[in-house]
Amino acid sequence: MQTEVASKAAGRRAVSRASTGFEYTFPAIRGVQAGREFYASMCPLRLIPKIFLFDEDDLSAELRAQRVLNKGRLPALARYILDNPDDYVFSALTASVDGDMVFESQGDEGSAHRTGQLRIPMDARFLINDGQHRRAAIELALKEDPDLGDETIAVVFFHDAGLARSQQMFADLNRHAVRPARSIGVLYDHRDVNAQITRSLTERSAIFKGFVEMEKSTLSARSRKLFTLSALYYGNHSLLQGLELKQDEATALAQTFWETIDAGLPEWALVRKKQLSAQEMRRDFIHSHGIALHALGRVGNAILRETAKPAQWKKRLAPLRDVDWARSNTDWEGRAIVGGRVSKSHQNVTLTVNYLRKRLGLELSPEEQRVEDAYLRGEA
C-alpha cells in the first residue's frame, strides 16, 4: 500500500518531457551552490498562484516536501499586504522545477554570462520549498485587489532532483531559522500602536527610562535592567485593550497607571536610587517580571472599564500596596511560581490576576473562576 501511494505521489510530481510549445520566460541571474546551478528572478504576483500550485495536502508527511498549509495564518498575511500597500515586504520564494530549464545568457564572459533569460515549459511542475504561506497569502490578496498583480516578488529556482532532495532543501532552509526576540520586534515595529506607546514610555517615564532591556526578551542574572520591552508591551496591551483612546491619550493613561503602581512598589524606586541592585530585586521579588506586568495590566483594565476618573481608579488600586510580592510568599506557589521558577504561561497569568482581583475586591470572570476552581482542586 505504501509503495502504491508513493508511486501515485511520484506520478503527480512527474512531468511529461514533451513540450507543449508554450513556456514561461523570466529575466534571471544564474548562480551556483554546491556545484548546482540555480536562478534568481522577479515574478509578477499575478503569476504566483498560477504556476505555484499546492495540491499535496492529502499526502502523508513522508511523501511531501513541505508542511501542511496552515490556513489560519493566511488572513493576517493577506491583510498585511492589503493594509500596507506602500511598504509591505515579502522575502523570496524558493522553488524546485520538475521540468526542463533553459538559461540563455547575454554573453560568454563576466556579468553577461550570469544574466539572461530563463525559459521553463508551462507543463513543468513547480514545487515550493520555502514560502508556501506567502504564496497563498498573495493569492488571497489578489482576489481583493487585482492591481497588486503587476508587483513582483523574488523567486529562486532550483532543478528538482527528486522528493528526497526537495525534503532536504526544506529541512536545510529551516534548520537555522531563529525567530527574533519579541523585544526587538516591538522595538522595530512602527505599525503597531501599542509598540509605539511602549517605546514612548521607555523614553518619557522615569520608571522605565534606562531600566528596560530593549532587545532581549529575558534578563540575564547580572542585568541591571528591571524590565524587558516585551514584558512592558504585554502589560500595556492588557491595560489598554478595548479602551477607545487616541494614541497620545493612551500613552498618558499608561504612564499615569504605571506611576501609580510604582508608588506602591518601593523596591522599584530603591533600584532607581541605587540603594538596591536590579539583580537582588529580581531574585527576591516577582513584581518586575513579565507575569506581574501582564497581570497588573489586566487588573487595571478591569477597573478602567468601570471608571475613567483618575482619582477613583487610583483609589481602587490602593490595596495593591499591601500585596507581598516576595518570592518567599507561599501564596505565589502554583500561581506565579512553579517549581521555584516564575512561569509566564496563560494559566499562571490568570491565577496571578485572580489573586490580585481578590485583593482588590473584584469579581472573577467565568473563565477566571474556572481556572481558580481547578487550582483550588489541585488540578492546575
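Biologist: Which residue forms a salt bridge with R298?
Modeller: E368 does, and the closest N and O atoms are 3.1 Å apart. A salt bridge here is a side-chain nitrogen of Lys or Arg within 4 Å of a carboxyl oxygen of Asp or Glu. E368 lies in helix 16 (residues 366-376) and R298 in helix 13, so the pair ties together parts that are 70 residues apart in sequence. Helices (H or I, at least four residues) and strands (E, at least two) are DSSP runs, numbered from the N terminus.

Biologist: What sort of model is this, and how are residues numbered?
Modeller: It is a predicted model, where local features need pLDDT of at least 70 and side-chain atom pairs count only at pLDDT 80 or more, while totals for chains, interfaces and linings use all residues. Residues are numbered from 1 along each chain as its sequence is written, and side-chain values use heavy atoms, with hydrogens and water left out.

Biologist: Back to that pair. Is E368 buried or exposed?
Modeller: E368 is buried, at 6% relative accessibility. R298 counts as partly exposed at 21%. The cut-offs are under 20% relative accessible area for buried and over 50% for exposed, with partly exposed in between (1.4 Å probe, protein chains only).

Biologist: How many salt bridges does the count come to?
Modeller: The count is 17. One of them joins the side chains of R46 and D150, at 2.8 Å from N to O. R46 is in the loop between strand 2 (36-44) and helix 2 (48-51), and D150 is in the loop between helix 5 (132-144) and strand 7 (152-159), so this pair ties together parts 104 residues apart in sequence. R46 is partly exposed at 42%, and D150 is exposed at 63%.

Biologist: Which residue does E139 meet in a salt bridge?
Modeller: R135, at 2.7 Å from N to O. Both lie in helix 5, 4 residues apart, about one turn of the helix. R135 is buried at 8%, whereas E139 is partly exposed at 28%.

Biologist: Which residues are linked in a network of salt bridges?
Modeller: E23, E104 and R119.

Biologist: Now the cores. How many residues are in the largest nonpolar core?
Modeller: It has 55, and W258, I261, W325, W332 and L356 have the most contacts inside it. Helix 13 (residues 290-306) gives the largest share, 8 residues. Apart from that core lies another of 33 residues, among them Y39, I120, A124 and L142. A nonpolar core means a set of buried Ala, Val, Leu, Ile, Met, Phe, Trp, Tyr and Cys residues joined through side-chain atoms within 4.5 Å.

Biologist: What is I261 in contact with?
Modeller: Leaving aside neighbours within four places in sequence, I261 is in contact with W268, L296, L317 and L320. Contact means heavy atoms within 4.5 Å.

Biologist: Helix packing, then. At roughly what angle do the axes of helix 9 and helix 13 cross?
Modeller: Roughly 15 degrees, and the axes of helix 9 (residues 229-240) and helix 13 come within 7 Å. Axes are lines fitted to C-alpha atoms, for helices over the stretch in contact, with angles from 0 to 180 degrees between N-to-C directions.

Biologist: Which residues of helix 9 make the contact?
Modeller: Among them are A231, L232, Y234 and G235, and the helix 13 side includes G290, L293, H294 and R298.
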